[in-house]
Amino acid sequence: MTTPRVRLAPGVPDWNSLGLPEPAEMLAGAEWPRGSEALEGADGVERARTPLPGTVHADGRRNGKPAGAGTGWLRVTRWTRPALGELLRARFTSPASVSMAERAWNLACALRSAGVSTAEPLAVVSDDRAVAARRSILVTRELEKWLPLPAWLERFDAPRDRRLLSRALGSLLGRLVASGVRPNALRFDDLSAHEKSGGRSDCAIERIRDLQDRAAVRGLELSALPELAIGEVRGGRIGPALDAQERLELVRELGHSLPAKLAPRATEVLRCLRGALGSSMDRAARHRAARELFATELVELRRDA
């Protein structure tokens, strides 16, 4: 058996600090550690939620002692038999990656360097193969105290919350476009918002308390946009920046992935488009695009107004 390729994030001292079986055992299909929760997977893909050493379980018992990578929960994705076409695209398109796990790692790193928050990548493991590795594993730190966007909207559904969320979404999409990452798909379920971001930013308030001249930081005080992150990067590639039409399509896919009862309102669509499109489209064109993309929804909203 060949030695697997293992890459660790700077904050992870060694593989054992993650509390997982040895990399070769994991690739061979070892069972998840005690206390793990199997998550919904896909054909050839297994997912689990597993505790870091030192994490307190729901029953009150601690999972051993902390081992240097912090405590909390991990999300572990194991590719066992990815489709050959997906594997070859990962290997021969940008960012060239020897496995599906390394592709997800590389895309997350590109997003994070462009200011798009994602679940923190901690480790990646791949079979040591010359061309492409069919079996691979990605380990990320679970986003704690974050809610999937549909659940966040269920909790924070006041007009002000939705207004701020639409602005935050536009800003996130603008940064995503600038990163060069072209996701295969982006749904509302893939995005999360911090559960405490339904109000004014705590860090902004603390900063203001330390300053005598509040006028100098008035913009900071009023900036209460929800903190957003991509919980899982479901494939994609890096290429030229999306053109205006592709950005519109990205917004359309997001909007149509929302449950009907949470469907976007006309003004929310326009705020999101303004951030996602930047200077690539003027105001009149944005309004035309919104009517074309969300014609049914916007007509219904006007009738209800």
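Which helix is Glu268 found in? Glu268 sits in helix α9, residues 266-277 (helices are DSSP runs of H or I with at least four residues, numbered from the N terminus). This is a predicted model, where local features need pLDDT of at least 70 and side-chain atom pairs count only at pLDDT 80 or more, while totals for chains, interfaces and linings use all residues. Residues are numbered from 1 along each chain as its sequence is written, and side-chain values use heavy atoms, leaving out hydrogens and water.

Glu268 is buried, at 8% relative accessible area (buried means under 20%, with a 1.4 Å probe and protein chains only). Leaving aside residues up to four places away in sequence, Glu268 touches Arg162 and Ser166 (contact means heavy atoms within 4.5 Å).

Now for the empty spaces. Rolling a probe the size of a water molecule over the atoms shows where they are. There are 2 cavities of 30 Å³ or more. On a 1 Å grid over the protein atoms alone, a cavity is a set of points where a 1.4 Å probe fits but cannot get out, and lining residues have an atom within 4 Å of a point. A volume is the space filled by probe spheres set on the points.

| Cavity | Volume | Lining by class |
|---|---|---|
| Largest | About 200 Å³ | 12 nonpolar, 2 polar, 2 charged |

How values were computed: Helix = DSSP H or I, 4+ residues; strand = E, 2+ residues; numbered from the N terminus. Buried < 20%, exposed > 50% of the residue type's maximum accessible area, 1.4 Å probe, protein only. 1 Å grid on protein atoms, 1.4 Å probe; cavity = no way out; pocket = protein on both sides within 12 Å on 5 of 7 lines; lining within 4 Å. Nonpolar A, V, L, I, M, F, W, Y, C, P; charged D, E, K, R; others polar.
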